[in-house]
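Have a look at the model before you read on.

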Amino acid sequence: MAESNLTEASNKKLAAGLLAIFLGSLGVHKFVLGYNTAGLIMLLVTVLTCGVAGFVMGVIGIIEGIIYLTKTPQEFELTYLQNSKEWF
């Protein structure tokens, strides 16, 4: 893999991981990774339930954030940028 790809993957990994942990219930991390449908689902579930289901979406976000941050840049790029794995 080219160095620029790894740098981009590393930057996206950090951004998506931190956003997932802190704003996971809104699905912002999904939009950063280009998963607009998944991000919209998380956002709408939180908004349409007036935040009641936001707790569940927040837990999902925290789990995904931890998963993102524990992967190496190579694993992250292969799994989430090349293979487009949207959930967990």
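1. Let's start with Leu 6, which is found in helix α1. Its relative accessibility is 16%, and since buried means under 20%, Leu 6 counts as buried. Bear in mind throughout that this is a predicted model.

2. On the α1 side the residues are Asn 5, Leu 6, Ala 9, Ser 10, Lys 12 and Lys 13, and they meet Pro 73, Gln 74, Phe 76, Glu 77 and Leu 81 in α5. How do the two helices pack? Helix α1 (residues 3–23) and α5 have their axes 9 Å apart, at an angle of about 80°. Angles of 65 to 115 degrees count as roughly perpendicular, so that is the label for α1 and α5.

3. Phe 76 from that contact list leads on to the aromatics. How many aromatic pairs does a search of the whole structure find? It finds 3. In one of them, the ring centres of Tyr 68 and Phe 76 are 5.7 Å apart and the planes sit at 85°, which makes the pair edge-to-face. Both Tyr 68 and Phe 76 are buried.

4. Tyr 68 has a further ring partner in Tyr 80. Here the centres are 4.9 Å apart and the planes are at 75°, so this pair is edge-to-face too. Tyr 68 lies in helix α4 (residues 54–70) and Tyr 80 in helix α5 (residues 73–82), so the pair ties together parts that are 12 residues apart in sequence. Tyr 80 is buried, as is Tyr 68. Put together, ring pairs link Tyr 68, Phe 76 and Tyr 80 into a cluster.

5. Now for the charges. The structure holds 1 salt bridge. Which side chains meet in it? Those of Glu 64 and Lys 30, at 2.8 Å from N to O. This pair links distant parts of the chain, with Glu 64 in helix α4 and Lys 30 in helix α2 (residues 28–32), 34 residues apart.

6. Lys 30 has another contact worth a look: its charged end sits over the ring of Trp 87, 4.3 Å from the ring centre.

7. Last, some backbone angles to check. Cys 50 is not a glycine, yet its phi is positive, near 55°. Where is Cys 50? In the loop between α3 (36–48) and α4. Its relative accessibility is 74%, so Cys 50 counts as exposed.

8. Phe 88 also has a positive phi without being a glycine, in this case about 45°. Phe 88 lies in the segment after α5. At 36% relative accessibility, Phe 88 counts as partly exposed.

Terms used: Residues are numbered from 1 along each chain as its sequence is written. This is a predicted model: local features need pLDDT of at least 70, side-chain atom pairs count only at pLDDT 80 or more; totals for chains, interfaces and linings use all residues. Side-chain values use heavy atoms; hydrogens and water are left out. Rings of Phe, Tyr and Trp (its six-membered ring) pair if their centres lie within 6.5 Å; planes under 30 degrees apart count as stacked, over 60 as edge-to-face and the rest as tilted. Buried means under 20% relative accessible area, exposed over 50%, partly exposed in between (1.4 Å probe, protein chains only). Helices (H or I, at least four residues) and strands (E, at least two) are DSSP runs, numbered from the N terminus. A charge sits over a ring if NZ of Lys or CZ of Arg is within 6 Å of the ring centre and within 35 degrees of the ring normal. A salt bridge is a side-chain nitrogen of Lys or Arg within 4 Å of a carboxyl oxygen of Asp or Glu. Axes are lines fitted to C-alpha atoms, for helices over the stretch in contact, and angles run from 0 to 180 degrees between N-to-C directions. Angles under 35 degrees count as roughly parallel, over 145 as roughly antiparallel, 65 to 115 as roughly perpendicular and the rest as oblique. Contact means heavy atoms within 4.5 Å.
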